[in-house]
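Reader: I would like a close look at one part of this model. Please take the packing of the helices slowly.

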Amino acid sequence: QQQQQGERDNSVQSNNQNNSTEVIYYEEDSSVKLGLGDFIFYSVLLARAALLDTWPTIMTCAVALLTGLCLTLFFLALFQRPLPALPMSIALGIIFYFLTSVVVDPFLKVLLQNQVFI
């Protein structure tokens, strides 16, 4: 058994030595790539908006994040170079989060208290 094991190890080593000179070239992929971390930050902002439990805040944050992502993809196609995916989406998301939670939600609460429907 030990002799068979030794023969297997030698054959593996010789195969590794023969394959070490092989060079594999991959085609460069020109497609758009977005990291998983970007989606995590988007979901954290939406989860924070969901904690307020108001639909306008959740929806405006979701639309702002998607708009920022579309703007990033547009600028990526325009400039033809890698761009960070987070700044525009997160900036728009945070701006609309605070605007909706500070301005729109109190306004909607006053409208609902006075039974004014738009």
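Is the crossing of α3 and α4 right-handed or left-handed? Please go on from there to the helix packing around it.

Author: The model is a predicted one. In it, the crossing of α3 and α4 is right-handed. The contact is made from the α3 side by P56, T57, T60, C61, A64, L65, T67, G68, L69, L71, T72 and F75. From the α4 side it is made by M88, S89, I90, L92, G93, F96, Y97, T100, S101, D105 and L108. The two axes are 8 Å apart, and the helices pack at an angle of about 155 degrees. Angles over 145 degrees count as roughly antiparallel, and α3 and α4 are therefore roughly antiparallel to each other.

P87 lies in helix α4, which covers residues 86-113. P87 has a relative accessibility of 46%, so it counts as partly exposed. Between P87 and G68 there are 8.3 Å from C-alpha to C-alpha, and the two are 19 residues apart in sequence. G68 is among the α3 residues that make the contact with α4.

Next comes α2, which also packs against α3. The axes of α2 and α3 come within 8 Å and cross at roughly 160 degrees. That angle makes α2 roughly antiparallel to α3. The crossing of α2 and α3 is right-handed. Here the contact is made by Y42, L45, L46, A49 and A50 of α2, together with T57, I58, C61, A62, L65 and L69 of α3.

The buried residues of α2 are D38, Y42, L45 and A49. Seen down the axis of α2, these residues fall within an arc of 60 degrees, so they line one face of the helix. The buried residues of α2 pack against α3 (55-79) and α4. On the face turned away from the buried side, α2 carries the exposed residues L36, V44 and L51. Just after α2, D53 takes a positive phi of about 60 degrees.

How values were computed
Residues numbered from 1 in each chain as written. Predicted model: local features only at pLDDT ≥ 70, side-chain atom pairs only at ≥ 80, totals over all residues. Heavy atoms only, no water. Helix = DSSP H or I, 4+ residues; strand = E, 2+ residues; numbered from the N terminus. Buried < 20%, exposed > 50% of the residue type's maximum accessible area, 1.4 Å probe, protein only. Arc of directions from axis to C-beta. Contact = heavy atoms within 4.5 Å. Axes fitted to C-alpha atoms, helices over the stretch in contact; angles between N-to-C directions. Parallel < 35°, antiparallel > 145°, perpendicular 65-115°, else oblique. Left-handed = near helix turned anticlockwise from the far one by under 90°.
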